[in-house]
Amino acid sequence: MRRFAIYPGSFDPITKGHEDIVHRALTFMEGIVIAVAHRATHEKRGLFSIDERVELIREVFRDEPRVEVTAFTGLLVDFARRRGTNLVVRGLRAVSDFEYEFQMALMNRKLYPELETIFLAPDVRYSFLSASLVREIAALGGDVSEFVSPTVKDRLEAKYRELAR
Ligand code: PNS
């Protein structure tokens, strides 16, 4: 069986930090399924719709056949079981991420004992980067070209122009 891992997240929108994690994971995995979580219980809807996030990620990885992009609803462990893998990749930027990530990894393992979460450290250039900061900078007219791919930058600008109308 092809060894692949799921890389789950909100990806609102995908940043160069996320891209970096995928490239790192592909150095030792045969494939990565980027899974955009659709959280019905989340009261905040986010900036991009789930379909828009999926479309943006597909665009970013259009030349990388080892990456599949999809959305999922419900529990991550159920999605992982359905897809036939016990491997999950997450990026760990700083100590501040650790508590949340550790809690999630152990809870997921409780729900699916064979599940392993692989934490990868991003390039130091992205260790302070988050999608929420990118959204805020873009919303206030700042330049995000260092932090997101050109497609994402264009869509962010278009989105905020649309919202300002
Ligand atoms: O990018 P994020 O917002 O930090 O990603 C969090 C995510 C989507 C990975 C997490 O919330 C998740 O796995 N959600 C799916 C629902 C689920 O399984 N919840 C229980 C986690 S222990």
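1. The shell around the ligand is made up of eight nonpolar, four polar and two charged residues. In this grouping Ala, Val, Leu, Ile, Met, Phe, Trp, Tyr, Cys and Pro are nonpolar, Asp, Glu, Lys and Arg are charged, and the others, Gly among them, are polar.

2. The model is a predicted one, in which local features need pLDDT of at least 70 and side-chain atom pairs count only at pLDDT 80 or more, while totals for chains, interfaces and linings use all residues. Residues are numbered from 1 along each chain as its sequence is written, and side-chain values use heavy atoms, with hydrogens and water left out.

3. Ser-10, Ala-37, Arg-39, Leu-76 and Arg-90 come nearest among the 14 residues around the ligand; a residue is near a molecule if one of its heavy atoms lies within 4 Å of it.

4. Which elements give two or more residues to the shell around the ligand? They are strand S1 (4–9) and helix H4 (95–111), and H4 supplies the largest share, four residues. Helices (H or I, at least four residues) and strands (E, at least two) are DSSP runs, numbered from the N terminus.

5. The structure holds 16 salt bridges, each a side-chain nitrogen of Lys or Arg within 4 Å of a carboxyl oxygen of Asp or Glu. One of them joins the side chains of Glu-68 and Arg-83, with 2.8 Å from N to O. Because Glu-68 lies in strand S3 (residues 67–73) and Arg-83 in helix H3 (residues 76–83), this pair ties together parts that are 15 residues apart in sequence.

6. Two backbone features deserve attention. Phe-11, in the loop between S1 and H1, has a positive phi of about 50° although it is not a glycine. Asp-12 and Pro-13 are joined by a cis peptide bond, with omega about 5°; Pro-13 lies in the loop between S1 and helix H1 (16–25). Most residues other than glycine have a negative phi, and most peptide bonds are trans.
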